[in-house]
Amino acid sequence: MIIVSGGIKGGVGKTLVATNLAVMSSLADRDVLLIDADDQESATDFTALRSERFGGDPGYTSIKLTGKAVRDQVLRLKDKYDDIIIDTGGRDTVSQRAALTVADILLVPFAPRSLDVWTFEHVEHLIEEMTPANPGLRAFAFINRADHQGSDNDEAAAFLQESDVLGFIPAYLGNRKAFATAVAEGLGVVEYKPKDKKAIHEVETLFRHLNEVTSVA
Ligand SMILES: Nc1ncnc2c1ncn2[C@@H]1O[C@H](COP(=O)(O)OP(=O)(O)OP(=O)(O)O)[C@@H](O)[C@H]1O
Ligand SMILES: [Mg+2]
């Protein structure tokens with residue numbers, strides 16, 4: 001399965017999700033390739049931290065690619081891995097478009113508080129533009145940095161569910177210190193100690209939904 005963690009907005013949790021998925025998939029004994037297609041190289045930094053911590057073995061293979069090479073290399077490598085997870089930058093880039101020509105799934109995190117209609121429509125347009133090149137591409141939105149209270153999550157979910165272009169995955173990752181601390185230490189939240197059971201449950205729910213979505217492909 002080839003999953004792109006993308007969108008057009010910075011700082012919404014794309015790298016957090018890509019790295020957590022890579023960790024969970026590798027812990028499930030799958031052969032995982034994490035592609036860093038963001039020139040900021042945050043996924044690469046994550047893997048470096050992780051390699052140091054685990055004696056040189058992060059548990060998955062990691063490469064950094066830019067532009068059209070993202071497509072070319074994925075086409076070469078896709079049969080060699082169970083899962084390819086691609087982290088993209090916070091803009092509409094050539095690298096992300098190249099990834100979307102070969103991906104099965106585009107996963108787009110949205111923060112309930114900063115969800116704006118303009119951004120969402122731009123993501124819808126991006127997907128519509130990529131569909132002729134990759135008719136099998138399926139895109140899903142989900143909520144990251146969900147609030148612990150108030151009505152913003154529900155309002156954002158209601159808005160996201162209206163889209164004809166993106167499906168909605170009803171998995172909410174809360175705004176939790178464990179997510180931020182774990183990723184800053186090169187760990188998936190499932191590995192981080194002390195365990196944050198709620199965070200683990202949330203990320204496992206997202207993972208389960210993704211597996212369900214991909215198994216009916
Ligand atoms: N659910 C969450 N709870 C707490 N902190 C979070 C959560 N999601 C993301 N963050 C924090 O927010 C910051 C931005 O997240 P991240 O780097 O994953 O976003 P991004 O979309 O990859 O950003 P960029 O567009 O710069 O690549 C990071 O410091 C991350 O740890
Ligand atoms: Mg990032």
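In this predicted model, a backbone N or O atom of Gly-174 lies 2.8 Å from a nitrogen atom of ligand 1. Gly-174 is also among the residues that come nearest to the ligand; the others named in that group are Lys-14, Thr-15, Leu-16 and Asn-144, out of 18 residues around ligand 1. Two further backbone contacts involve Gly-13, which faces an oxygen atom of ligand 1, and Arg-176, which faces a nitrogen atom of the ligand.

| Residue (backbone atom) | Atom of ligand 1 | Distance |
|---|---|---|
| Gly-174 (N or O) | nitrogen | 2.8 Å |
| Gly-13 (N or O) | oxygen | 3.0 Å |
| Arg-176 (polar backbone atom) | nitrogen | 3.0 Å |

Helix H1 spans residues 14-27, and its packing against two other helices can be described in turn. Two packed helices are described by the angle between their axes and the distance between the axes.

Against helix H2 (residues 42-53), H1 packs at an angle of about 40 degrees, and the two axes are 10 Å apart. An angle of this kind falls between the limits of 35 and 65 degrees, and H1 and H2 are therefore oblique to each other. The crossing of H1 past H2 is right-handed. On the H1 side, the contact is formed by Thr-15, Thr-19 and Val-23, while H2 contributes Ser-42, Ala-43, Phe-46 and Arg-50. Sorted by class, this contact of H1 with H2 holds 3 nonpolar, 3 polar and 1 charged residues.

Against helix H8 (residues 197-215), H1 packs at an angle of about 75 degrees, with the axes 11 Å apart. Because angles from 65 to 115 degrees count as roughly perpendicular, H1 and H8 are described as roughly perpendicular to each other. Here Val-17, Asn-20, Leu-21, Met-24 and Ser-25 of H1 meet Val-203, Glu-204, Leu-206, Phe-207 and Leu-210 of H8. The class count for the contact of H1 with H8 is 7 nonpolar, 2 polar and 1 charged residues.

Most residues other than glycine have a negative phi, and most peptide bonds are trans.

Note on methods. Residues are numbered from 1 along each chain as its sequence is written. Chains are lettered from A and ligands numbered from 1 in the order in which they are written. This is a predicted model: local features need pLDDT of at least 70, side-chain atom pairs count only at pLDDT 80 or more; totals for chains, interfaces and linings use all residues. Side-chain values use heavy atoms; hydrogens and water are left out. Axes are lines fitted to C-alpha atoms, for helices over the stretch in contact, and angles run from 0 to 180 degrees between N-to-C directions. Helices (H or I, at least four residues) and strands (E, at least two) are DSSP runs, numbered from the N terminus. Angles under 35 degrees count as roughly parallel, over 145 as roughly antiparallel, 65 to 115 as roughly perpendicular and the rest as oblique. A crossing is left-handed if the near helix is turned anticlockwise from the far one by less than a right angle, and right-handed if clockwise. Contact means heavy atoms within 4.5 Å. Ala, Val, Leu, Ile, Met, Phe, Trp, Tyr, Cys and Pro count as nonpolar, Asp, Glu, Lys and Arg as charged, and the others, Gly among them, as polar. A residue is near a molecule or strand if one of its heavy atoms lies within 4 Å of it. A polar contact is a pair of N or O atoms within 3.5 Å; within protein, one must be able to donate a hydrogen and the other to accept it, and residues adjacent in sequence count only if both atoms are side-chain atoms.
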